[in-house]
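Please report on the helix architecture, side-chain contacts and surface of this model. Keep it brisk and give the cut-offs.

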Amino acid sequence: IAKCFPSSTRKYVAIVSYEQRQSYEDDFNAEYGEYQDLLAQMENIAKKFRNFNEQLKCVTQGSTAYQVKKDKTAK
């Protein structure tokens, strides 16, 4: 895990005091709004890709319509 999240694993160690717990909670609360915004953006993007994938299934692969939809994805 340390390789995936090197900065966070160094920043947060086992909680041994109330002050440390409060500090971690304050960090979490300070960044939670940004996390929620990013999550909403990611969910919106994922929804667009799911919709696009469903649309792509409705056209024949190799057709002009297929190529137009595929090209729009690359932009």
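Is Tyr35 buried, exposed or partly exposed? Tyr35 counts as partly exposed, at 46% relative accessibility. Here buried means under 20% relative accessible area, exposed means over 50%, and partly exposed lies in between (1.4 Å probe, protein chains only). Tyr35 sits in helix α2.

This is a predicted model: local features need pLDDT of at least 70, side-chain atom pairs count only at pLDDT 80 or more, and totals for chains, interfaces and linings use all residues. Residues are numbered from 1 along each chain as its sequence is written, and side-chain values use heavy atoms, with hydrogens and water left out.

**Overall layout**

The protein chain has three helices and zero strands. Both kinds of element are DSSP runs, numbered from the N terminus: helices are H or I with at least four residues, strands are E with at least two. From the N terminus on, the order is α-α-α. Of the 75 residues of the protein chain, 7% count as buried. The protein chain exposes about 6800 Å², and carbon and sulfur atoms supply 57% of that area. Accessible areas come from the Shrake-Rupley method with a 1.4 Å probe; for residues, only the protein chains shown count as cover.

**Helix α2**

Helix α2 covers residues 18-57. It has 40 residues and reaches 55 Å from its first C-alpha to its last, close to the 58 Å expected at 1.5 Å a residue. The expected span is 1.5 Å times one less than the number of residues. A kink of about 40 degrees in α2 is centred on Tyr32. The bend at a residue is the angle between axes fitted to the seven residues ending there and the seven starting there.

The buried residues of α2 are Gln20, Tyr24, Phe52 and Leu56. Tyr24 has a relative accessible area of 16%. Tyr24 and Val13 are 11 residues apart in sequence; their C-alpha atoms are 9.9 Å apart in space.

**Aromatic contacts**

A search of the whole structure finds two aromatic pairs. The rings of Tyr32 and Tyr35 have centres 5.8 Å apart and planes at 25 degrees, so this pair is stacked. Rings of Phe, Tyr and Trp (its six-membered ring) pair if their centres lie within 6.5 Å; planes under 30 degrees apart count as stacked, over 60 as edge-to-face and the rest as tilted. Tyr32 and Tyr35 are three residues apart in α2, separated by about one helical turn. An α-helix has 3.6 residues a turn, so residues three or four places apart point the same way. Tyr32 is partly exposed, with a relative accessible area of 33%.

Ring pairs link Phe28, Tyr32 and Tyr35 into a cluster.

**Salt bridges**

The structure holds two salt bridges. A salt bridge is a side-chain nitrogen of Lys or Arg within 4 Å of a carboxyl oxygen of Asp or Glu.

| Salt bridge | N to O distance |
|---|---|
| Arg21 and Glu25 | 3.0 Å |
| Lys57 and Glu54 | 3.3 Å |

Arg21 and Glu25 are four residues apart in α2, about one helical turn. Lys57 and Glu54 are three residues apart in α2, again about one helical turn.

What is the exposure of these partners? Arg21 counts as partly exposed at 40% relative accessibility. Glu25 is partly exposed too, with a relative accessible area of 33%. Lys57 is exposed at 58%, whereas Glu54 is partly exposed at 46%.
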